[in-house]
Amino acid sequence: MARSDLLIFVSTLLLFLPLLTVADAELVKSEKFPVVVSTWPFLEAVRAAWRAVDTGSSAVEAVVEGCSACEELRCDGTVGPGGSPNENGETMIDALVMDGVTMEVGAVAAMRYVKDGIRAAHLVMKYSQHTLLAGEGASAFAISMGLPGPMNLSSPESVKKWSDWKENQCQPNFRKNVVPANDCGPYKPNNGAINVSGYKGTESCEMGAIEYRPPLVGPHNHDTISMAVIDKMGHIAVGTSTNGATYKIPGRVGDGPIVGSSAYADDEVGGCGATGDGDTMMRFLPCYQVVESMRQGMKPEEAAKDAISRIARKFPDFVGAVVAVDKNGSHSGACHGWTFQYSVQNPDMDDVQVFTVLP
């Protein structure tokens, strides 16, 4: 080959090398993404998110589709309408969505009369400069933006659960340091005489013979779907939806709509979802902690265990879990007080796989 021909060949090859590099990078990206990770074996929710993201939807859109599927299915009775009645027998909705690219967040808390929590949260993100709307204001905004409502969010199951609870002297509940006028209130402070939580009735409270029965926390009465999605472009988003703790005090807002607590995402690092005793967990912002720990070099497993251990040191009886996923799609979970399961689908899997994490 003549020197001139060789130079032409080399120059042509160098011209195409950047294109080959980009193509190789896209091939690698397509092999490991998309990824869907969710708390609990909410298989249909993960499949819904996977169908969306695998056909080209963004991470945010896929999170909305996945959590919305769980709301429609009323997963475990703790997501969507028809579950977790509060002290007044009413079901209310908390939800959140976060875009790890823009760091935008939309959330609704203690929302009445509208069943589509995650879609309402998405509307807050899209059509307002706010992060969180609460109560009837959240309901009015969601309806004005096109969601169906107002509607009754109770179901025959939730009404029966509430009726049975009333017949059981409104136990268990989330009150403490109070004395009831009767079994189910109204309540007044006990002026520090007795540390009351989970009492049986007026007489035993006044006499000081208190049977301590803490509120039950478990997958069927106190839970959240928290989902993370990495789309085909490698962008990450997270979302949550829950109808909160069963028999909660009206007005209570849990960790579900609190960014950094129930979920957090940063495109540069990864994402996290949490579930469990939100009243305790939200004091530690565990998902923000997980993402920041991964930013500092921790693997998902280390970051998840570290976040849970921080809570357990202060509250050894708390029940909860987190699931962590880094920007490359690696995932892990950690829990305390119960056995935790989370669900994953990625290009290496024919269907959703459920992973079990022991306390």
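I count Ala, Val, Leu, Ile, Met, Phe, Trp, Tyr, Cys and Pro as nonpolar, Asp, Glu, Lys and Arg as charged, and the others, Gly among them, as polar. The model I consulted is predicted.

**Entry 1: cavities.** I searched the whole structure and found 2 cavities of 30 Å³ or more.

By class, I recorded 7 nonpolar residues, 3 polar and no charged for the second largest cavity.

For the largest cavity I noted a volume of about 70 Å³. It is lined by 13 residues, of which Thr224, Thr242, Gly244, Arg252 and Asp255 are the closest to its centre. Its lining divides into 1 nonpolar, 8 polar and 4 charged residues.

**Entry 2: helices α3 and α4.** I looked up how helix α3 (residues 59–73) lies against helix α4 (residues 117–127): their axes come within 8 Å and cross at roughly 150°. On the α3 side, the contact is made by Val60, Val63, Val64, Glu65, Cys67, Ser68 and Glu71. On the α4 side, I listed Gly117, Ile118, Arg119 and His122. Sorted by class, this contact has 5 nonpolar, 3 polar and 3 charged residues.

Key
Residues numbered from 1 in each chain as written. Predicted model: local features only at pLDDT ≥ 70, side-chain atom pairs only at ≥ 80, totals over all residues. Heavy atoms only, no water. Axes fitted to C-alpha atoms, helices over the stretch in contact; angles between N-to-C directions. Helix = DSSP H or I, 4+ residues; strand = E, 2+ residues; numbered from the N terminus. Contact = heavy atoms within 4.5 Å. 1 Å grid on protein atoms, 1.4 Å probe; cavity = no way out; pocket = protein on both sides within 12 Å on 5 of 7 lines; lining within 4 Å. Points joined across faces, edges and corners; volume = space filled by probe spheres on them.
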